[in-house]
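This report describes one protein chain and a few of its residues. The sequence and the structure are shown below.

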Amino acid sequence: MEDYQQPGQGQPQWQQYPQPPQPPKNSNNGLCIAAMVLGICSLVLVCVPFIPIATGVVGIVMSVMGLKSKGAMQGMAIAGLVTSILALVFVLIFVLGLNEFGLNACYGCRHMAGF
């Protein structure tokens, strides 16, 4: 006959499962998402006076902070950085440069801004 070992003291033997991986504690994924949302809002609101400038600058700052955090969503931080910069460039082109070339395409922007 074979010898079987009994669990000690009548206690059942429980199998331990590994713990699921925990998310990193210093991750700034919220910054990356907020930067991307601000960049998209900046692009959509290009012809509204002063709003895309504020959202673009804040989007750039949040994107840089999100890129420095080395989180899992760095692609969103890059997208926020690119869209915020594009929005600021479009605002400069529309508000400052378009009428200088005789193209009166953004008259509403300049009229609303008081130029």
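Thr55 sits in helix H2, which covers residues 51–68. The model is a predicted one. Thr55 has a relative accessible area of 16%, and it counts as buried because that value falls under the 20% cut-off. Its side chain makes a polar contact with the side chain of Ser42, at 2.6 Å. A polar atom of the Thr55 side chain also lies 3.4 Å from the backbone oxygen of Pro52. When neighbours within four places in sequence are left aside, Thr55 is in contact with Leu38 and Ser42.

Helix H1 spans residues 29–44 and packs with H2 at an angle of about 155°, their axes being 8 Å apart. An angle over 145 degrees counts as roughly antiparallel, and H1 and H2 are therefore roughly antiparallel to each other. Their crossing is left-handed. On the H1 side the contact is made by Leu31, Cys32, Ala34, Ala35, Leu38 and Ser42. On the H2 side, Pro52, Thr55, Gly56, Val58, Gly59, Met62, Ser63, Met65 and Gly66 take part.

Another residue of helix H1 is Ile33. Not counting residues up to four places away in sequence, Ile33 touches Met73 and Met76. Ile33 and Ala77 are 44 residues apart in sequence, while their C-alpha atoms are 7.0 Å apart in space.

The two residues described above are listed here with their accessibility.

| Residue | Relative accessible area | Class |
|---|---|---|
| Thr55 | 16% | buried |

The remaining points concern the protein chain as a whole. It contains 4 helices and 0 strands, and its pattern along the sequence is α-α-α-α. Of its 115 residues, 23% count as buried. The accessible surface of the protein chain comes to about 8,600 Å², and carbon and sulfur atoms account for 67% of that surface. Taking contacts between residues at least 6 apart in sequence, 66% join residues at least 24 apart.

How values were computed: Residues numbered from 1 in each chain as written. Predicted model: local features only at pLDDT ≥ 70, side-chain atom pairs only at ≥ 80, totals over all residues. Heavy atoms only, no water. Helix = DSSP H or I, 4+ residues; strand = E, 2+ residues; numbered from the N terminus. Buried < 20%, exposed > 50% of the residue type's maximum accessible area, 1.4 Å probe, protein only. Contact = heavy atoms within 4.5 Å. Areas by Shrake-Rupley, 256 points an atom, 1.4 Å probe, with all protein chains shown as cover. Polar contact = N/O pair within 3.5 Å; in protein donor to acceptor, adjacent residues only side chain to side chain. Axes fitted to C-alpha atoms, helices over the stretch in contact; angles between N-to-C directions. Parallel < 35°, antiparallel > 145°, perpendicular 65-115°, else oblique. Left-handed = near helix turned anticlockwise from the far one by under 90°.
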